[in-house]
Amino acid sequence: MRRISHSCDRLRWLLEFHSAKLGRMKIIDSRRLKTLVHVVRASSIPWLIGAASKEIVRRLAGWPRGLLVESSTQCNLTCPWCEGIFHLSERKRKFLPASDLESTLRHASSHVGAVTFVRTGEPLENPEILEIIAIARRHRLVVTLNSNLATLDLETAKSMVSIAPHRIVTTLISAEKNEYEAKQVGGKFERTIDNIASLCELKRERGQHFPVIEVQLIATKTSVEQIDKFADIVSRLGCDMAFVKPMRVDLFRDGDEYRRVHIDDVPLDHEVCNYTLDEEGRLVLKHLGPCPQQENIYVSADGDVYPCLFGPEGMKPYGNLISEGWQEVWKESGLAKDKREKYLHRGDRICTNCVPSKEIALPVD
């Protein structure tokens, strides 16, 4: 029964991107049924049949749902709460070339249903990011772009909406200008808000379903007091989806200052928080739960493949999708077996440093 429920979850994730209207409803426990209704109304029958068929085949074969791809290791912001900045120096290059993404997807796109551009760097710093998104779209994958949008210009926004990734996700540390600029160092609050507004307006002008615009607020002690203001902002901008998500703290990092800052910032009593304090006053996870990234694999800017988003923080790569085929990387390397038998149950040390996803959806009408 658990496997059936898990499969329905992943099918819902794949299908929900095809409905921009999904973001216009409050996400509640019954959202799966509502999602299917919206999908049927907004999608073509051939697309639905194709997506469902591919998902069934993927599940039967045991392939991952999607690829998490690092398109850049260079970021325009310096955020002290972002653990990714401490691992950028480990990469061999700054940007994933579009040609290498093409090689990666030539090996993988028939086995997965989605690709998400995410992780340490800012995707918009990659000069080939528009071509990269277009390549992923041509491979008929569900495409998500995670970006801080701080440097988005109007021409890039027009091109982005024209290419139409299925979802664009941006994250704010605060709904207040001064706090945002103090914590997302290098960003300007008004410009970021204007950039989000531009994407929403361009999409409306074109009458497009995509991209679905999602804005997330990182839960800190101060930002949880700004949730109503945050919801008002994203509603005024015309965004499709809004979430409050937990902050992740790198529990493996040494340094009293790092821990002190985060203990001061983590809203321990809030429902979205996954941390508590142990007897010595150190942050620890309340519970692990099953692996939240069980059905994704991570591809670094170098093409190296890891079992999850945090793999580069301490794991050896299982292979390289730029130079190796799918069978070599997924099965022959032991990745498929380890995902099923080891990482599903949090069997690696790095797994104890991963925050289970626990988000609060906000109405944006």
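A residue counts as buried when its relative accessible area is under 20%. Cys308 has 13% relative accessibility, so Cys308 is buried. Keep that cut-off in mind as we walk through this model, which is predicted.

Let's begin with the whole chain. Of its 365 residues, 56% count as buried. The secondary structure comes to 12 helices and 12 strands. Among contacts with a separation of 6 or more, 72% join residues 24 or more positions apart. The accessible surface is about 16,500 Å², and 53% of that belongs to carbon and sulfur atoms.

Now zoom in on helix α6, which covers residues 154–163. Which of its residues are buried? They are Ala157, Met160 and Val161. Looking down the axis of α6, you would find these buried residues within an arc of 95°, so they line one face of the helix. Here is a handy rule: an α-helix has 3.6 residues a turn, so residues three or four places apart point the same way. The cover over the buried residues of α6 includes the helices α5 and α8, along with the strands β3 and β4.

The two ends of α6 are worth a look as well. After the helix comes Ala164, whose phi is positive, near 60°.

Finally, back to the cysteines. A disulfide is a covalent bond between the sulfur atoms of two cysteines. How many disulfides does a search of the whole structure find? It finds zero. For Cys200, the nearest cysteine sulfur is that of Cys239, 4.0 Å away. Cys200 has 1% relative accessibility, so it is buried.

Methods. Residues are numbered from 1 along each chain as its sequence is written. This is a predicted model: local features need pLDDT of at least 70, side-chain atom pairs count only at pLDDT 80 or more; totals for chains, interfaces and linings use all residues. Side-chain values use heavy atoms; hydrogens and water are left out. Buried means under 20% relative accessible area, exposed over 50%, partly exposed in between (1.4 Å probe, protein chains only). Helices (H or I, at least four residues) and strands (E, at least two) are DSSP runs, numbered from the N terminus. The arc is that of the directions from the helix axis to the C-beta atoms. Contact means heavy atoms within 4.5 Å. Accessible areas come from the Shrake-Rupley method with a 1.4 Å probe; for residues, only the protein chains shown count as cover. A disulfide is a pair of cysteine sulfur atoms within 2.5 Å.
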